[in-house]
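Please look over the sequence and the model shown here. The notes that follow are a briefing, grouped by topic.

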Amino acid sequence: MKKYKNTIVKVVCLLTAFFLWGYVINEVDPTITRTFTNVPVEFKNMSYLRDQNLQLMTGTLDPIEVTVEGHRKALNAISTDDLRAIVDLQGIQGGVQAASIHVGLTSGDGTVKDYAPKSLTLEVEAVVSKPFAVEARTFGNLPDGHILGEIQVNTEEVTLKGPEQIIDSVSVVVANVNIGEKTVTSIVNAPIQALDSDLKPVNNVVIEPGTAEVQVAVYKTKTVPIEVVLDDPNREDLQTNRITVNPSSVIITGDGGNIDGVKSIETQPINTQELVENLGATATLVLPEGTRMVNNQETFIVRYEPQRIVTKNHSLPVDRVLGENGGELEEIPRQMPQRLQLKLTGETGVLESLNNQDLQIMLKGDGTIEVHAPSGVTVESVEPNKIDPGTP
């Protein structure tokens, strides 16, 4: 009887404990679900792709949403950092394909009940290598008095490695050379860049080597006048002061020591006879050793423009008269005509620019009238050239 009573007590205690446990679970710490947003997705086994010469073209992955079930107290202790969403790349092949997302808890108590999305689309491309020639491109400005010479890329070829689609988009590979403030020839290691057909940078490629050795020639320049040399400079009818060359100067370059002492550049002897007949000739310059023209296509023309002497009639109003001593007469004699008729000789351009103020009328004591003209103009005759000084 006593044994039976003990059994009843044990059963009652067990039932009481069960009901107490159920009360605590359901009332004090119930089972709930909680949804976590912005759970990041990461890749696993990236080394597999490298071993297979594959590259993932998919960029940043969008976060996913995960629902976890568990006791309230346990779930309250869980954060997004306790969830891990991975895409296993082991066994992935080249091309576009769907890949499953696997989600689990890294710590805490709970069960992943659901998540979305459960897969994503991956684009995987084969990694290829392709050689490219290197072109040099410059940026920056040389100091005044210097020009850029030849540019030689000593690193003639580099290898580009990357996804086939990206490598195929490369149009040109350039070495970017900074020439700013350079004054002498030098060798630089310039960074290399891949560009597409629009000359925009192409990313996600590996360039080996990443720099190119480039030799940049920089030369000093100098502007000097040109001297015309004639084969017969003493010809009697030649007006040497009427010979010009256009352009009158030339920009030369070379090593600093070669051009520093150059004061002018002579032409090869010009045929004087042809120059006089044709009034022009093409000149060839005699450049000192070690120098050259910056613009070797420049043409130099020698021109001969002899003075054209003409005679011209001119009517000069008598409104101001000088006396024999050079002073202006206070009163012009009434015998003086209102105008003088002159015959002037001189160069066409000089006569055309002549005005009345350039001509001075002088009356001498014996009544002789003289007209003085500026240099380059000869007064051939004056009408009338004399008045009667005794006429009242």
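Strand 16 and strand 22 (residues 300-304) pair in the antiparallel sense over 4 bridges. Helices (H or I, at least four residues) and strands (E, at least two) are DSSP runs, numbered from the N terminus, and two strands pair if DSSP finds at least two bridges between them. This is a predicted model, in which local features need pLDDT of at least 70 and side-chain atom pairs count only at pLDDT 80 or more, while totals for chains, interfaces and linings use all residues. Residues are numbered from 1 along each chain as its sequence is written, and side-chain values use heavy atoms, with hydrogens and water left out.

- I243 has Y304 of strand 22 as its bridge partner.
- The open sheet here has 3 strands in the order 16-22-19, with antiparallel pairing.
- Strand 16 (243-246) and strand 19 (280-283) are the edge strands, and each pairs on one side only.
- From one strand to the next, the twist averages 25°; axes are lines fitted to C-alpha atoms, for helices over the stretch in contact, and angles run from 0 to 180 degrees between N-to-C directions.

- Another open sheet of 3 strands has the order 1-4-8, and its pairing is antiparallel.
- Strand 1 and strand 8 are at the edges with a single partner strand each, so one side of each has no neighbour in the sheet.
- Neighbouring strands of this sheet are turned by 20° against each other on average, direction ignored.
- Strand 1 (residues 31-39) and strand 4 (residues 64-71) run antiparallel and are joined by 7 bridges.
- Within strand 4, V68 is the bridge partner of R34, and V68 also stands opposite V112 in strand 8.
- Strand 4 pairs with strand 8 (residues 111-116) over 5 bridges in the antiparallel sense, and the bridge partner of V66 in strand 8 is Y115.

**The largest pocket**

- The largest pocket has a volume of about 180 Å³.
- A pocket, on a 1 Å grid over the protein atoms alone, is an open set of points where a 1.4 Å probe fits, with protein on both sides within 12 Å along at least five of seven lines; lining residues have an atom within 4 Å of a point.
- Grid points are joined across faces, edges and corners, and a volume is the space filled by probe spheres set on the points.
- The lining consists of L316, P317, D319, R320, N356, Q357, L359, Q360 and I361.
- Strand 23 (309-317) and strand 26 (360-363) are the elements that give two or more residues to this lining.
- By class, the lining has 4 nonpolar, 3 polar and 2 charged residues; Ala, Val, Leu, Ile, Met, Phe, Trp, Tyr, Cys and Pro count as nonpolar, Asp, Glu, Lys and Arg as charged, and the others, Gly among them, as polar.

**D81 in its loop**

- D81 lies in the loop between helix 3 (72-76) and strand 5 (83-88).
- Is D81 buried or exposed? D81 is exposed, with a relative accessible area of 70%; buried means under 20%, exposed over 50%, and partly exposed in between (1.4 Å probe, protein chains only).
- D81 and P40 are 41 residues apart in sequence and 9.1 Å apart in space, C-alpha to C-alpha.

**The whole protein**

- The protein has 7 helices and 28 strands.
- Its radius of gyration is 51 Å, well over the 21 Å that the globule rule gives for 392 residues, so the protein is more spread out than a compact globule.
- The radius of gyration is taken over C-alpha atoms, and the globule rule is 2.2 Å times the number of residues to the power 0.38.
- Along the principal axes, the C-alpha atoms fill a box of roughly 190 × 55 × 35 Å.
- Of the 392 residues, 32% count as buried.
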